[in-house]
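Thanks for coming, everyone. I'll keep this brisk. Have a look at the chain on the screen, and then we'll walk through it.

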Amino acid sequence: MDFLHQKVLPAVRQMKDFEALLKSRFEYLVLLDSHVGQLKHIVQMSKKHHKKMLVHVDLINGLRNDEYATEFLCQEIRPAGVISTRKSAVLTAKKNKVLAIQRLFLLDTTALETSYRLLEQTQPDYIEVLPGIMPHIIAEVYERVKIPVLAGGLIRTVEDAECAFSGGAVAVTTSRKEIWHHYENK
């Protein structure tokens, strides 16, 4: 199983990478570190090139990180999906029929248990687990909640990606170009 037929979700930090990815075979892209003034243009360009943008709402400069910002993003910018650590953003995305991805930082057992409680409330479409280099934790999370898992953070090599897949991740999110290129035609 994969993320809507895509094993790698390229995470864009710079406009030159975004422009290069518009010519790629990837359908879904992740937007990190953006500015509110750029959002509409980026999402429109994505759609023009038949790409679907997943916007990390927590990393948008100039846009407050709350449910009203997510509502604005869903209704006015209209990305394919929203990624967030925040419960309100995930619930707002779901309410607006936008793909909702709950991002989780699994630093220790307490964070893991807190995340399980959060997932019971949000029931996102996907979970993004960080760091993504913990295949046994990826397997545990999926087994417990039965929500597809994306692996992100510290995915530095193709071997790291494969390790995440071996744990059950349906896709990895990464800004590493060498990983993008490896999976682009697969």
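This is a predicted model: local features need pLDDT of at least 70, side-chain atom pairs count only at pLDDT 80 or more; totals for chains, interfaces and linings use all residues.

Where does lysine 146 sit? In the loop between α6 and β9 (149-152). Look at its backbone. Phi of lysine 146 is positive, about 60 degrees, although the residue is not a glycine. For context, most residues other than glycine have a negative phi.

Lysine 97 is another case. Its phi is near 60 degrees, again a positive value in a residue other than glycine. Find lysine 97 in the loop between α4 (87-95) and β7 (99-105). Lysine 97 is exposed, because its relative accessible area is 77% and the cut-off for exposed is over 50%.

One more backbone item. Most peptide bonds are trans. The bond from leucine 130 to proline 131 is cis, with omega near -5 degrees. Proline 131 belongs to the loop between β8 (126-130) and α6 (135-145).

Now the strands. β8 and β9 run parallel, joined by 3 bridges. In that pairing, valine 129 stands opposite alanine 151 of β9. The chain gets from β8 to β9 through α6, and this β-α-β crossover is right-handed.

Next, β9 and β10 (residues 171-174). They run parallel too, and 3 bridges join them. Here glycine 152 stands opposite threonine 173 in β10.

Last topic: helix packing. Two packed helices are described by the angle between their axes and the distance between the axes. What are those values for α3 (residues 67-77) and α4? The angle is about 35 degrees, and the axes are 9 Å apart. The crossing of α3 and α4 is right-handed.

Who makes the contact? From α3, Glu67, Thr70, Glu71 and Cys74. From α4, Ser88, Ala89, Thr92, Ala93 and Lys95. By class, the contact of α3 with α4 has 3 nonpolar, 3 polar and 3 charged residues.

That's my tour. Over to you.

Methods. Residues are numbered from 1 along each chain as its sequence is written. Side-chain values use heavy atoms; hydrogens and water are left out. Helices (H or I, at least four residues) and strands (E, at least two) are DSSP runs, numbered from the N terminus. Buried means under 20% relative accessible area, exposed over 50%, partly exposed in between (1.4 Å probe, protein chains only). Axes are lines fitted to C-alpha atoms, for helices over the stretch in contact, and angles run from 0 to 180 degrees between N-to-C directions. A crossing is left-handed if the near helix is turned anticlockwise from the far one by less than a right angle, and right-handed if clockwise. Contact means heavy atoms within 4.5 Å. Ala, Val, Leu, Ile, Met, Phe, Trp, Tyr, Cys and Pro count as nonpolar, Asp, Glu, Lys and Arg as charged, and the others, Gly among them, as polar. Two strands pair if DSSP finds at least two bridges between them. A crossover is right-handed if, with the strands pointing away from the viewer, the path from the first strand over the helix to the second runs clockwise.
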